[in-house]
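Q: I would like to learn how to read a model like this one, feature by feature. Can we go through it together?

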Amino acid sequence: MSETPPSPETAGAADPEAVTIDEPTIGAAVDAALAAIAGATTTAELKQVRIDHVGDASVLSRANASIRDLPKDQKAAAGKLVGQSKGRVQKALAARQDELAAAEEEAALAEETVDVTVPVDRRPRGSRHPLRTLQDRIEDFFVGIGWEIAEGPEIETVWYNFDALNAEANHPSRSPQDTLYVAPEDSGLLLRTQTSPVQIRAMLERGAPLYIACPGTVYRADEFDATHSPMFNQIEGLAIDKNLTMANLVGTLDAFAAAIFGGRPVTRLRPNHFPFTEPSAEMDFRCFSCDARLGLDHDADPECRVCGGTGWIEMGGCGMVHPDVLRSAGVDPEEYQGFAFGLGIERILMLRNGVADMHDMVEGDVRFSQHYGTEI
Ligand code: DAH
């Protein structure tokens, strides 16, 4: 089979899609391009118009490419016609591009406008409760001296809260008048009355030596008044190691008092009784307020509102851990000794920051908390 002979139009032309270069053809291509440019409503549409009308496959570009195949004497006129036409289209494209881009930017700005006159929710922000901030500070002190923070459950067993802590079977603190038990009566559960059971849990879990501070909420069947609340917070300290004595206890309390209240640390111990310590003591800190105002020469301001003129503030209980308690927590009292203490966090806040009424700490009025500012 013989090949089809080339048609007269394409014979000798390098480009099979060659365009006839004359006024009507080029004029029509320009008109079509200008109409498409005017009709484009977005820069994206205009991009397609550019491809269609001046891109490589467009009539104008193909016409441009065809010039080289024209007889010499026609090249100049054809070049002028195609060049000027393409120039018109390019100019129209550029103008429309500016127009559409400006409109799009304006629309985007309008859409993103923030109406500063729209009313906003003006409820005041919350504020950290000063008790929480104080508890953090206290924890920081203990972590700073190398102790760990330990926690335990607020619903506790009678065994951890009383038995393991050596409380006699008829100890008055076990009475339902003092302690909130969890129903039913024989559940063996209560709301812990102290953070001391965390001592037992920590000794059983971690063994000796041990240095821990245990902050947490405790519960008692107390009436809510200016100085009592049925729910309050304590921090328990426990150190178990070889050769610990009361001197280590006093040194720790002195450092604690200085860190929390400032001033010269002086701790005074008065004999007392707790089932889980022997010997046991009440601890008093020298009144930081009298100390700051009167200096070294006077012990107390008889009018002082912090200490009531005694020169001392009662802080809580402490002592050397009872050997029976060590035994019930699996620690050998022949090898290890320990000291422990328990402090009320609300009481520290009342003394340190002059809070006169427990109600302020419990009722949750944000104005009370805000007054303390935000301390991280
Ligand atoms: N748990 C005691 C209470 O709530 C306070 C206390 C006293 C804790 C002596 C101790 C301690 O660790 O040694 O009243």
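Q: Which strands does helix α11 lie across, and at about what angle does it run to β9?

A: Some ground rules come before the answer. This is a predicted model, with residues numbered from 1 along each chain as its sequence is written; local features need pLDDT of at least 70, side-chain atom pairs count only at pLDDT 80 or more, and totals for chains, interfaces and linings use all residues. Side-chain values use heavy atoms, with hydrogens and water left out. Helices (H or I, at least four residues) and strands (E, at least two) are DSSP runs numbered from the N terminus. Contact means heavy atoms within 4.5 Å. Axes are lines fitted to C-alpha atoms, for helices over the stretch in contact, and angles run from 0 to 180 degrees between N-to-C directions. Here α11 (345-353) lies across β5 (231-241), β8 (312-321) and β9 (337-344), at about 60 degrees to β9.

Q: In what order do the strands of the open sheet come?

A: Two strands pair if DSSP finds at least two bridges between them. The order is β1-β4-β5-β9-β8-β7-β6, with mixed pairing. The edge strands, β1 (148-149) and β6 (267-274), each pair on one side only. β6 and β7 (277-286) are antiparallel over 7 bridges; P271 has A281 in β7 as its bridge partner.
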